[in-house]
Amino acid sequence: MFKNLIVYRIAPTWQPDPKALEEALLAECFVPCSATQESALGWVAPRGEDGAPLLEQVDHHWLLCLRHERRVLPGAVLRRHVEDMAQRIEQESGRKPGKKQLRDLKEQAQHELLPRCFTTQGHQRVWIAPRLGLLMVDAGSISKADGVISLLTKADSTLQLHLVQSAESPASCMAAWLMDGVPPEHFTIDRECELKASDEMKATVRYARHNLDIDEVRTHLTSGKLPTRLALTWRERVSLTLTDTLQIKKISFLDVVFEGRDKPAKDEAFDVDAALATGELARLIPDLIQGLGGELDFAQAALEGTHPALPQATPPAATTASTASAAAGNEPPPWE
């Protein structure tokens, strides 16, 4: 059900009201792309059934799903169409189109070609755990999660969020685990990691399906490289990859999780999968944060002057979206 998770802390002032939130989501429900529309974004039923609720509650956990649709117009096709239009103009008028006219031709070409383009769809799940005070987005980067959060906070303006940050740096913790061969309680180190130098060269070493308890890895660490990704297993039940930005990637439930469970009927599969995923991960996330020295208390850090600012995740503020985009290397919006 979840492949990646980016974890947010919900402000304690928020009052959970699932009915009110679902009504607000209806105003932003998904509508497919029109003939000349490049992309569309909106909420759909997480169960994947027409007429099902936009907000599903399973064992006190809330599940949402955002659908993004995009018309695929290859750049080569667009360029060729513009070139053909420009050649016709040159043949008819005896002169080549200027820069401004070429820009107009490109817009015209897009308008003509979009209705003939195929569409692609993708989905991003949102998991809200009111009792834990946490919200998780299944996204591969902060910038993509930020787009989801923007729509969600538009639906519920009282929902104030900030990215969960650990008291200790994930990179430093992972380096210590690799150096000593001692991971935090309930975790074991698997056979994949990425080490990167902090200098301008950014020299990178990747290990895949490789024993990490070796002198070579420790030599890289003592030379100044830090882990940016490390594969872990939690309680022999869930495997994952932790990043230096506290993102949880490549989530996989191991066979022991399914032992003794009968295969659910088709109409029960969603509820069973949701209960299993949220039940396991709701225990894993606190264990992981504890292994990183606990959660950073932003309010206390601000009072003590040890943390410059509270990283908000509530765009409409333009600074939030731009900061996340810059941190992610100007990644494309969540529907690309």
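**Notes on the predicted model**

1. Let's start with the cysteines. There are zero disulfides in the structure, and please keep in mind that this is a predicted model. Cys-29 counts as partly exposed because its relative accessibility is 35%, whereas Cys-33, at a relative accessible area of 10%, is buried.

2. Next, the aromatic rings. The structure has two aromatic pairs. One of them joins Phe-2 and Trp-127, whose rings are stacked, with 5.5 Å from centre to centre and 25° between the planes. Phe-2 sits in the segment before strand E1 (6-10) and Trp-127 in strand E5 (residues 119-129), so this pair ties together parts that lie 125 residues apart in sequence. Both Phe-2 and Trp-127 are buried.

3. The pair of Trp-14 and Trp-62 is edge-to-face, because the planes stand at 70°, with the ring centres 5.6 Å apart. Trp-14 belongs to the loop between E1 and helix H1 (18-26), while Trp-62 is part of strand E4 (residues 61-71), so the pair links parts 48 residues apart in sequence. Trp-14 counts as buried at 7% relative accessibility, and Trp-62 is buried as well, with a relative accessible area of 4%.

4. Ile-285 deserves a look on screen: leaving aside neighbours within four places in sequence, Ile-285 is in contact with Leu-5, Val-7, Trp-127, Leu-134, Met-136 and Ile-248. As background, nonpolar side chains tend to be buried together in soluble globular proteins.

5. H3 (residues 99-113) is 15 residues long and reaches 21 Å from its first C-alpha to its last, close to the 21 Å expected at 1.5 Å a residue. Which residues of H3 are buried? They are Leu-105, Ala-109 and Leu-113. These residues cover an arc of only 60° around the axis, which means that they lie on the same side of H3. The buried residues of H3 pack against helix H2 (75-93). On the other side of H3, Lys-100, Arg-103, Glu-107 and His-111 are exposed.

Key
Residues numbered from 1 in each chain as written. Predicted model: local features only at pLDDT ≥ 70, side-chain atom pairs only at ≥ 80, totals over all residues. Heavy atoms only, no water. Helix = DSSP H or I, 4+ residues; strand = E, 2+ residues; numbered from the N terminus. Expected span 1.5 Å × (residues − 1). Buried < 20%, exposed > 50% of the residue type's maximum accessible area, 1.4 Å probe, protein only. Arc of directions from axis to C-beta. Contact = heavy atoms within 4.5 Å. Disulfide = S-S within 2.5 Å. Phe/Tyr/Trp six-rings, centres within 6.5 Å; stacked < 30°, edge-to-face > 60°.
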